[in-house]
Amino acid sequence: MNIQFFQAAMVVYLLAAAGYIAYIIAPEKKNRAVFSLVATVAGFLLHTAYFILRWSESSRIPITGFFEAINFLGMGIVLVFLIMEARYRIAALGSFMLPLVVLLMVPALAVSGKIVDLNPVLKSGWLGIHTSLAVLGDSAFAFACIISVMYLIQERQLKKKHLGAIFHRLPSLEIMDTIGYKAISFGWPLFTLGMVTGSIWAEIAWGTYWSWDPKETWSLITWVIYLAILHLRTLGWRGKKMAYLTIAGFLFVLVSFFVVSRIQLGKHVF
Amino acid sequence: METQKGVVELVSERVWKFFSSVKLAVVLLIVLAIVSIIGTVIQQNQPVEQYLQEYSPATVNIFEFLGFFDMYHSWWFVLLLFLFTANLTVCTLERFPRALSAIRAPLKPIDDEALKAVPFKKELQFKGGADKAEARAVQALQSRRYRFLSTSSPGMVQLYSQKGAYSRLGVYITHISIILIFVGALTGAFFGFKGFLNLGEGEHSQVVYLRNEPMWDKLMSVLGVSKSSVIQDPQSGVARLPLGFFIRCNDFEVDYYQGPSGPTGMPSEYHSELTVFNLQGAKIFDKRIEVNDPLKYRGITFYQSSYGTIPGVNGKIVLNVRPKSGESKGEMVVLDPGGEAYVRSIDRTIKALGVSAFGARHTSTGEIRFFQSRNDELVNPTVGLEIYQGKKALYTTTVLKVDQGEPYMPEGYVISYVDYWGARYTGLQVTRDPGVWIVYTGFLLLCIGPIYAFFGSHQKLWIRIQDRKGQAVVTVAATANRNRLALERQVNALVEELSK
């Protein structure tokens, strides 16, 4: 029964994504953006409802296992998008964010959404805190990646002096550069908190705050990469170089999330 | 001598300069990130036989030489970490005094020359004279809770303010946090240990088996300063460390998730009842430990990490016998598998036919089915019983730890399963890490530092009010070391208010 909320959320997100794409290719139709934003909010509400129902059904926070992790990441990204949209009023963001959300959540349809019994080690209050922070950090990195892609598209148009419909929808290069950096400067501290809480939990559960298991190591790699990006910024790196780096950084997030967690070499269930 | 000293100075200056570079930091970060991938692709700390199954002998040799099988402790990885720490320390020492003087420097009124260099400024004409303009500016600043100073010179009044100066420390708090984490990790490696202890139910131990010997003990013993307390077993090579007290496992239990047709075999929780004794045998305290809830004593922590069945060891079957009617809690009966015991209260002899690790009763037929559990795990111990009156067998029945139905109990008493004790061991992870509090302090600072660093900003604001023939010219100038967009928004709002 509850899964229908999830499916409905997916359909509504798909509509929002389509609406946003329609908006970006037709410069004059403003109401398409409004429609898409309403759809996104509706999708997010359905998604949240699903999350809460699943929580009550399994009587634990639903963020373990592949299905629940993707589900949670999708929610995180939509949440970050809605915050950024409210703050900066850049509808064109949706044209890139919503398709990403749909794309990321497709694997969730392929795996079983069955509620599974929880490994004893995961029965801890740290589970919700650690994963929420990490996923919010990841979502901010996803946002930074998207804005970098938009930056590169805009930059290319300017360079070729070919100003398509998208050009008028995207903010100026400077603004996108700043917002991209902002997203990382929000994401990195959140991700840091996620790692710190994870380490404390590991110390309580396993007797060691760090054991170099593959998931831990990949999180550290991701953390270090963004740290390098932040320092390159202080060295004056801006614009295109920064955009490429930000996209590369997100590839590490994706590997960590979709590859390392799936092969489960270590004890990190998720 | 003069020139030699010069060379030393020159070299140390060069080294200092080398390590104070942010570029070096970025290079080291990227190198660390990339080489760290190796250890996630090649499984770490596995026996050689397993590597030989995966790779050719030549590859295994090369990997072994490069330290890839224990990469994160290899000399070159540790060296990289040390270089990074040196880099971080020097960078911090180099820049911190400058930040401190920027924080301490009192704000001064801005002169024309300096004003030219401020990139963000606004100028407006104020109708109504300089005095009114000043009053308005003071009011605007006060309503925004700015703490400001003012100076006046002929024809000009300046109001100036700064805030968020301490946010300049954010970066250094973050740097120090990472240095602390490294120091804590080293402290743990030098003075702590990681070990394990498998204790059977009813067993006790005063030693633990080490995975990592404390480096300090090893070093001191190699140098001949003091003898390491670690006992090496010459045959197996296993190192043991005396605890200085006894720890005993009184009982160990696993609870399993229940499916619709009995236990699923997936543990939901497991726990050990432990007791600590001093070396004289006096009991100090009891504690029930479970996953996520360890026991701590004298700096040593015992974590519930695994469990298992001791091969070839029979436990004791513990049963409870009580009358069907009445409040009596009944009595405990202890049996060996295959053994029997006479129970006076019911005048019957109970014989245990045997124990099976994993049984379940079919809910409708009452039939008992047996499953294979991995590693002979005692998922749902099932005991077959034969009841005698004297030498005469009366009936047989089966009791289970978790039963889906009612066991066959034809007489006026009920026999129920209590425990199968002594056949299992609890797997304890045992550690001492005196560095953990240093690491935690680092963690705390790592949570605070970035927030100051990213979201704080050292803002300076000047409002100059010049009187030009009864007309006031107001110039608002502002600087910030970061977050300029936010500053511009704030200043624009301020200017808006002044120009009303």
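How many helices and how many strands are there in chain B? In this model, which is predicted rather than determined by experiment, chain B holds eleven helices and 23 strands.

The overall dimensions of chain B can be taken next. Its radius of gyration is 37 Å, whereas a compact globule of 500 residues would have a value near 23 Å. Along the principal axes, the box filled by the C-alpha atoms of chain B has dimensions of roughly 125 × 70 × 50 Å. Of the 500 residues in chain B, 27% are buried, where a residue counts as buried if 20 or more other C-beta atoms lie within 10 Å of its own. As for the contacts in chain B between residues at least 6 apart in sequence, 63% of them join residues that are at least 24 apart.

Just after α4(B) comes Gly67(B), whose phi is positive, at about 75 degrees.

Among the strands of chain B, three form an open sheet in the order β13-β12-β20, and their pairing is antiparallel. The edges of this sheet are β13 (331–335) and β20 (413–421) of chain B, each of which pairs on one side only. From one strand to the next, the twist averages 25 degrees. Within the sheet, which strand is joined to β20(B) by eight bridges? That strand is β12 of chain B, covering residues 316–323, and the two run antiparallel. In this pairing, Asn320(B) stands opposite Ser416(B), a residue of β20(B).

The remaining topic is the contact between chain A and chain B, to which chain A brings 37 residues and chain B brings 40 residues. On the side of chain A that touches chain B, the helices α7 (173–206) and α8 (214–234) of chain A each supply at least two residues, and α7(A) gives the most, with 13 residues. What is the division of this side of chain A into nonpolar, polar and charged residues? The residues of chain A that touch chain B comprise 24 nonpolar, ten polar and three charged.

Methods. Residues numbered from 1 in each chain as written. Chains lettered and ligands numbered in written order. Predicted model: local features only at pLDDT ≥ 70, side-chain atom pairs only at ≥ 80, totals over all residues. Helix = DSSP H or I, 4+ residues; strand = E, 2+ residues; numbered from the N terminus. Rg over C-alpha atoms; globule rule 2.2 N^0.38 Å. Buried ≥ 20, exposed ≤ 12 C-beta atoms within 10 Å, placed from the backbone. Contact = placed C-beta atoms within 7 Å. Nonpolar A, V, L, I, M, F, W, Y, C, P; charged D, E, K, R; others polar. Pairing = 2+ DSSP bridges. Axes fitted to C-alpha atoms, helices over the stretch in contact; angles between N-to-C directions.
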